[in-house]
Amino acid sequence: MDMPKSQRFHKRLRGRVDMTHGAGGKAMANLIHDLFSRAFDNEWLAQGNDFALLDLPPGRPVMTTDSYVVSPLFFPGGDIGKLAVHGTVNDLAMAGAEPLYLSAGFILEEGLPFADLERIVLSMAEAAHEAGVCIVTGDTKVVERGKGDGVFINTAGLGVVPDWVEVAPSGDAARPGDRVLVSGTVGDHGICILGTREGLRFESDVQSDTAPLNGLVAAMTIIEPDLRVLRDPTRGGLATTLNEIAHQSRCGIRIREDAVRVKPAVAAACELLGIDPLYAANEGKLVAICAPEDAEELLHVMRQHPRGRDATIIGEVVEAEHPFVELETTFGGRRLLDWLTGEQLPRIC
């Protein structure tokens with residue numbers, strides 16, 4: 001694949017966004033031509049239509065959509081643009097799909113510096129290039145000063161589940177005896193956003209884990225094409241994601257506290273702030289549930305991939321009359337992990 005466009009053209013935009021950039025006239029056309037079209041350049045976008053006429057490979061189409069309102073717009077390890085691409089790519093990947101195409105809708109606040117917008121757009125272009133997807137259509141609107149928060153981004157994604165994946169992963173497919181795996185450390189993104197927003201200083205750097213997971217999923221489905229469940233534990237963290245799966249599958253899930261990995265800096269920040277890392281958001285990790293006989297081989301494959309080096313088997317699915325998630329603590333006790341109540345960390349994605 002060629003070098004991403006974001007590394008090929010020189011910055012040209014100066015000043016700030018104003019209402020004319022969303023009015024449909026010359027200023028808007030220039031913005032689209034000078035920034036979006038140059039950064040996201042591909043054969044579909046170059047057609048200049050209000051749609052993208054696409055060809056899909058054999059398989060079952062999968063579509064998703066999401067909106068991104070993270071505050072602040074820039075944070076260690078990423079920004080709202082990178083997050084928008086990764087989040088949409090990962091939602092497709094959790095269906096066992098190969099992500100192919102994205103749309104991007106921008107709601108810009110009057111007064112947003114063009115330097116910030118350009119930084120976000122170039123970051124999106126690089127993230128799309130890394131994930132192997134194309135941004136093929138989009139939209140731009142401008143709202144009055146004070147009516148937004150710099151920029152909001154809406155995305156839609158289209159991908160295909162290949163024919164050799166007979167049954168796409170689904171949240172209602174967990175079965176008693178199945179093993180639960182997590183691809184790495186938890187809580188990184190949520191604590192990074194909170195620390196950046198509040199100006200907190202940690203003993204060591206805490207960076208967002210935002211990353212595309214489609215490459216990891218592709219490696220996993222090649223060795224295990226009938227994965228029961230795949231989920232990315234974003235808002236609400238690992239605990240809430242496991243509750244969603246337990247309720248969809250009408251089962252219980254037991255996990256071991258000593259098997260769930262948390263970076264020391266994240267653990268220290270959580271202890272200081274009174275936050276349970278099991279409920280803190282992740283943007284570059286996945287939960288996988290598979291048959292017990294496949295767990296060790298799947299774990300080995302995950303650990304061979306850069307996005308899964310710290311993967312662990314954290315527990316198992318159990319029979320239950322009522323869905324529940326239970327944690328076996330390092331002290332030998334057990335406690336229920338309920339759904340996240342309220343808004344622990346607002347505006348994290």
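Predicted model: local features only at pLDDT ≥ 70, side-chain atom pairs only at ≥ 80, totals over all residues.

Trainee: What about strand 9 and strand 11?

Mentor: Those two are also antiparallel, with four bridges between strand 11 and strand 9, which covers residues 252-256. Look for Gly252, which sits opposite Val318 of strand 11.

Trainee: Is strand 11 mostly covered or mostly open?

Mentor: Mostly covered: strand 11 spans residues 312-318, and six of its seven residues are buried.

Trainee: Which sheet does all that belong to?

Mentor: An open one of seven strands, ordered 8-10-7-11-9-12-13, with mixed pairing. Its edges are strand 8 (229-231) and strand 13 (334-336), each of which pairs on one side only. From one strand to the next, the twist averages 25 degrees.

Trainee: And what does strand 13 pair with?

Mentor: Strand 12, residues 324-328; three bridges join strand 12 and strand 13, and they run antiparallel.

Trainee: Which strands does helix 8 lie across?

Mentor: Helix 8, residues 295-304, lies across strand 7, strand 10 (287-290) and strand 11. Helix 8 runs at about 5 degrees to strand 7.

Trainee: Switching topic. What's the order of the sheet with four strands?

Mentor: The order is 1-6-4-5, and it's an open sheet with mixed pairing. Strand 1 (60-68) and strand 5 (134-143) are the edge strands, each pairing on one side only. Neighbouring strands in this sheet are turned against each other by 15 degrees on average, direction ignored.

Trainee: How many bridges join strand 4 to strand 5?

Mentor: Nine, and these strands run parallel; strand 4 is residues 98-109. If you want to see one of the pairings, look at Ala104, whose partner in strand 5 is Gly138.

Trainee: Now the helices. How do the axes of helix 1 and helix 3 cross?

Mentor: At roughly 30 degrees, and the axes come within 8 Å. Helix 1 is residues 26-39 and helix 3 is residues 114-131.

Trainee: So what do you call that arrangement of helix 1 and helix 3?

Mentor: Roughly parallel to each other, because angles under 35 degrees count as roughly parallel.

Trainee: Which residues meet there, between helix 1 and helix 3?

Mentor: From helix 1 you have Leu31, Leu35, Phe36 and Ala39, and from helix 3 they meet Phe114, Leu117, Glu118, Val121, Leu122 and Ala125. By class, this contact of helix 1 with helix 3 has nine nonpolar residues, one charged and no polar ones.

Trainee: How many residues are in the largest nonpolar core?

Mentor: That core has 51 residues, and the ones with the most contacts inside it are Phe40, Phe106, Leu108, Leu117, Met124 and Val151. Helix 3 gives the largest share, 10 residues. Apart from this core lies another one of 24 residues, including Val229, Val260, Val325 and Leu327.

Trainee: What is Leu108 in contact with?

Mentor: Setting aside neighbours within four places in sequence, the contacts of Leu108 include Val17, Leu31, Leu117, Thr140, Val142 and Val151.

Trainee: How about His21, is that buried or exposed?

Mentor: Buried: His21 has a relative accessible area of 10%, and the cut-off for buried is under 20%. His21 is in the segment before helix 1. Not counting residues up to four places away in sequence, His21 touches Arg16, Ala27, Met28, Leu31, Phe114, Thr140 and Val142.

Key: Residues numbered from 1 in each chain as written. Heavy atoms only, no water. Pairing = 2+ DSSP bridges. Axes fitted to C-alpha atoms, helices over the stretch in contact; angles between N-to-C directions. Parallel < 35°, antiparallel > 145°, perpendicular 65-115°, else oblique. Contact = heavy atoms within 4.5 Å. Nonpolar A, V, L, I, M, F, W, Y, C, P; charged D, E, K, R; others polar. Core = buried A, V, L, I, M, F, W, Y, C linked by side-chain atoms within 4.5 Å. Buried < 20%, exposed > 50% of the residue type's maximum accessible area, 1.4 Å probe, protein only.
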